[in-house]
Amino acid sequence: MSAHLSTEPHTPVFTGARRAELDELLTRYPTKMAALLPALWIVQEARGWVSTDAMAEVAELLDLTPAYVKGVVTFYTMYHQHPVAKHFIQVCTTSPCNVCGAEDVVKSLLKHTGCGELGVQSPDGKYQVIEVECLGACGFNTPLMVNEKFIESVTPETVPELLASLG
Amino acid sequence: MGFPHKPHEREALVLSKHFGEQEAIGLDGWRKRGGYVALQKALTMTPAEIVQIVKDSGLRGRGGAGFPTGVKWSFMKPGDGKPHYLCCNADESEPGTFKDREIMRWTPHALLEGCAIGAYAIGAEVAYVYIRGEYTEALDKMNAACKEAYAAGILGTNAMGTGKTVHVYVHKGAGAYICGEETALMNSLEGRRGNPRIKPPFPAVAGLFGQPTTINNVETLVAVPHILNNGADWYKKFGRPDNPKSTGTKLFSVCGNITRPGNYEVPLGFPFKDFLYDLCGGPLKGRKFKAIIPGGISVPIQTVAEAENSPMDYEGFVANGTMLGSGGVIVIDDAQNLVKQIARAARFFAHESCAQCTQCREGTAWTTKILERIVAGDGTPEDLDTLLEIADNMTGKTICVLSDSCATPVVSGLQKFRGDFEALIKKKRVHMVPAQVA
Ligand SMILES: Cc1cc2nc3c(=O)[nH]c(=O)nc-3n(C[C@H](O)[C@H](O)[C@H](O)COP(=O)(O)O)c2cc1C
Ligand code: SF4
Ligand code: FES
């Protein structure tokens, strides 16, 4: 069974405080559809990724079809359609960072996490490294994100220290 | 200031004056620094009066295109019975640009104030600040500032006790460069895929939720309170005396191979040469500048001579073979393989194309493939003509200008640094001769 089809039954995301958060969000827009991106963020914060079942739940709440929601989810790179490693590391390698040695940072990360390859989880399931396009922090080479956390000025040499600090 | 560096004496600190001051982030600290005085004043003026002052100031959009802000606002007709919207474009994803991030991290209330004034001036009761999802710190700061502003009665249905309604909501993006394009941003805000829309209709006629909408960059909006507080004439004084078309101060983000990267605020028209050497400290030790891209990766590449000759304003950059764009200065030095970096830029555009238009979807992919082939040592002299042909097909033919932007570094790179491409191609030829003999 592929990773995105969880074998566990789906427990609803939007109950209690999260349902209240969505209800408040809905007051901000003239359409229900406009709450789609925020709703997907709530899902990802709660579950770490956005499963097909969660998409269906969101679709139901916002009067959309599951297929429509999936179409939107797949457009945006930040929604995870599969569970990701505990430390999901996104390194910018776009030209401005590239000229400052971003690719060496990637190599160092692949080595020290044990991932070996981009996108592949480390054998202990702790790390996953991907290259991303400009993070909007081009003056602070090399910037990367670990889950929701921004870390700047990473060099190949500071990678071991950085990984140790993640726990 | 050249944050994280100390401000340089030749900077003109208006928007960035309080970068780095923890106290300025919160409402009390911001009020101590003159916060919300302009909004209070604005809410007692008519929208038309505000639009006129902004027009008179000469303020132009800082998001890339440089469209006069007051003129854009005047397309909106308050009182036409329709809901109006203001979108603040905080998607900042143009490689080389990281100024809006600092504005939101250090002075979130300045942006809220700018949004509130902008909304009121165009007859909108609601403004959305669309912030790219990766900017987690900026998002936190903006959300906290909103909360404070609502609690203090600055925003809401009785904004600053004037009985007027001004809402500002933060909306988090989810990773897509194209959502910085104005109509893609609107689609994204509506809960759709971030595909740019065909224009016309223009946003002022039918924008967000099909209603009249204005969209402005973060830096554009934060300039507005200063203009209202100090007057249009004060704002106009920043700039070259011989160029009234570019007024005010501008934040330039500087990155790449340079001694002091960071954000710097200078009056428009500032000499780029002084900027690069005095403010930013010149090249890294033992290296030389090779090429400069002064306005984010979408604008043409400059030679060092062109850059050193440029006054830093809209017209000054155009006169020297490029554009001001977003003000994201990318410096590439002689230790780099320039063609590789152009290939990397093409890969960026190929990754970010929304794929609606054939010329863009295919063109960005082909361009990347050919450039990567050249970098790998498998290029042919014909490849250069093919690249230019593809670039021609990608320019001026698509729904938005992302396609043109991908062609730009290729065309300007080939114009100004053709030798670099040829050298890579020749290198392979040398390599091929013995192989054939064998
Ligand atoms: C592909 C593309 C990406 C863009 N990205 C941004 C962006 O990240 N931030 C921004 O302010 N403007 C961006 N723009 C420009 C906007 O479409 C729009 O012109 C701008 O937000 C208008 O605001 P201004 O008049 O205050 O500059 C982009 C344009 C294109 C074509
Ligand atoms: S030019 Fe490219 S990014 Fe713009 S609408 Fe067409 S396919 Fe999408
Ligand atoms: S290019 Fe790496 S953060 Fe912008």
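**Chain B against chain A: questions and answers**

Guide: The contact (heavy atoms within 4.5 Å) takes 57 residues from chain B and 42 residues from chain A. This is a predicted model: local features need pLDDT of at least 70, side-chain atom pairs count only at pLDDT 80 or more, and totals for chains, interfaces and linings use all residues. Residues are numbered from 1 along each chain as its sequence is written, chains are lettered from A in the order in which they are written, and side-chain values use heavy atoms, without hydrogens and water.

Visitor: What makes up the area buried between chain B and chain A?

Guide: Buried area is the accessible area (1.4 Å probe) that two parts lose on being put together, summed over both. Here that area is about 3800 Å². Carbon and sulfur atoms give 56% of it. Ala174(B), Arg193(B) and Arg344(B) supply 16% of the area that chain B buries against chain A, more than any other three residues.

Visitor: Why is the pair Arg101(B) and Glu152(A) called a salt bridge?

Guide: The term needs a side-chain nitrogen of Lys or Arg within 4 Å of a carboxyl oxygen of Asp or Glu. Arg101(B) and Glu152(A) have N to O at 2.3 Å, so the pair meets the rule. Across the interface of chain B and chain A the rule finds four salt bridges.

Visitor: How many residue pairs are in polar contact across the interface of chain B and chain A?

Guide: There are 26, with both residues at pLDDT 80 or more. A polar contact is a pair of N or O atoms within 3.5 Å; within protein, one must be able to donate a hydrogen and the other to accept it, and residues adjacent in sequence count only if both atoms are side-chain atoms.

Visitor: Which element gives the most to the side of chain B that touches chain A?

Guide: α14(B) does, with eight residues. Helices (H or I, at least four residues) and strands (E, at least two) are DSSP runs, numbered from the N terminus.

Visitor: How do you know that the buried residues of α4(A) line one face of the helix?

Guide: Buried means under 20% relative accessible area, exposed over 50%, partly exposed in between (1.4 Å probe, protein chains only). In α4 (residues 66–73) of chain A, the buried residues are Val69(A), Val72(A) and Val73(A). Seen down the helix axis, they fall within an arc of 100°, so they line one face. The arc is that of the directions from the helix axis to the C-beta atoms. These residues pack against α2 (36–47) and α3 (52–61) of chain A.

Visitor: What makes Arg10(B) and Asp274(B) partly exposed?

Guide: Arg10(B) has a relative accessible area of 30%. Asp274(B) has 25%. Arg10(B) and Asp274(B) form a salt bridge, with the closest N and O atoms 3.0 Å apart. The pair links distant parts of the chain, 264 residues apart.

Visitor: Why are Lys141(B) and Glu137(B) separated by about one helical turn?

Guide: Because they are four residues apart in helix α7 (residues 136–151) of chain B. An α-helix has 3.6 residues a turn. The side chains of Lys141(B) and Glu137(B) meet in a salt bridge at 3.1 Å, N to O.
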